[in-house]
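Look at the chain below and follow it from end to end. The paragraphs after it take up a few places in turn.

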Amino acid sequence: MNAHLQPTGSAYFISPETAAIESHTLSVLVDNEPGVLARVIGLFSGRGYNIESLTVSETEHEAHLSRITIVTRGTPSVLEQIKAQLERIVPVHRVLDLTVRARELGQERPIEREVALIKVVSSGEMRAETLRLADAFQAKVVDATVEHFIFELTGKSSKIDQFVAIMKPLGLNEICRTGIAAMNRGSQGM
């Protein structure tokens, strides 16, 4: 590997070239208090790790707990470092690699869903085609005028990517995505 291709400070180039880079979904249970998310994000940015998707929300109001779902990529050793470093942050209660857990359960991936709002500006015959395709994807119209539609679409990220690609030539104007929410199948909780 050429030295000029290696960004300095990035953890992705610590592992040997033969290690495969994988995408993993991590679920992190934390105290719902100011600064926790900033500490988690700081861990990633400070070590050169990338976050592909990030969602966070309070999940247990009485216990003041929030769940952070992070999709990141790295070699197996980098992913282990990320998990170990997350577990050392004081307000973190638990770190679960949903991707590893899904494989232990004999599944390819955890259940992952995303919500997107997609604005399409179109007129004439394009409007009818836009609605027909939106219906095929089970996208819900949440706002409409004679000039535009705003669709709400829920599903796997790949489904949203495909819908966005199809809407581009029809007048795609704006996209807002929530990021991935995920959990494993079965009765066992986090």
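**A walk through the chain**

Histidine 64 sits in the loop that lies between strand E2 (51-60) and strand E3 (65-74). Helices (H or I, at least four residues) and strands (E, at least two) are DSSP runs, numbered from the N terminus. Histidine 64 is not a glycine, yet its phi is positive, about 55°. Its relative accessibility is 45%, so histidine 64 counts as partly exposed. Here buried means under 20% relative accessible area, exposed over 50%, and partly exposed in between, with a 1.4 Å probe and protein chains only.

This is a predicted model, in which local features need pLDDT of at least 70 and side-chain atom pairs count only at pLDDT 80 or more, while totals for chains, interfaces and linings use all residues. Residues are numbered from 1 along each chain as its sequence is written, and side-chain values use heavy atoms, with hydrogens and water left out.

Now the chain as a whole. It holds five helices and nine strands, in the order β-α-β-β-α-β-α-β-α-β-β-α-β-β along the sequence. The C-alpha trace spans about 55 × 55 × 35 Å along its principal axes. Of the 190 residues in the chain, 37% are buried. Contact means heavy atoms within 4.5 Å. Of the contacts between residues at least 6 apart in sequence, 72% join residues at least 24 apart.

Lysine 83 belongs to helix H2 (residues 76-87). Is lysine 83 buried or exposed? Its relative accessible area is 10%, so lysine 83 is buried. Apart from neighbours within four places in sequence, lysine 83 touches Leu26, Val95, Asp97 and Val100. Threonine 99 belongs to helix H3 (residues 98-104). With a relative accessible area of 0%, threonine 99 is buried. Its contacts, again leaving aside neighbours within four places in sequence, are Ser23, His24, Thr25, Arg109 and Pro110.

Further along comes another loop, between H4 and E6, and glutamine 138 is placed there. Glutamine 138 has a positive phi of about 60° although it is not a glycine. At 68% relative accessibility, glutamine 138 counts as exposed.

Strand E6 (residues 140-144) runs antiparallel to strand E7 (residues 148-155), and four bridges join them. Two strands pair if DSSP finds at least two bridges between them. E6 and E7 make a hairpin, with three residues between them.

What span should the 15 residues of H5 have? At 1.5 Å a residue the answer is 21 Å, and the end C-alpha atoms are 21 Å apart, which agrees. The expected span of a helix is 1.5 Å times one less than its number of residues. Buried residues of H5 are Ile160, Phe163, Val164, Met167 and Leu170. An α-helix has 3.6 residues a turn, so residues three or four places apart point the same way. The buried residues of H5 pack against E5, helix H4 (125-136), E7 and strand E8 (172-177).

The last stop is the largest pocket, with a volume of about 300 Å³. Its lining includes Arg109, Pro110, Lys156, Asp161 and Arg185. A pocket is an open set of points on a 1 Å grid over the protein atoms alone, where a 1.4 Å probe fits, with protein on both sides within 12 Å along at least five of seven lines; lining residues have an atom within 4 Å of a point. Grid points are joined across faces, edges and corners, and the volume is the space filled by probe spheres set on the points. Strand E5 (111-121) and helix H5 (157-171) each give at least two residues to this lining.
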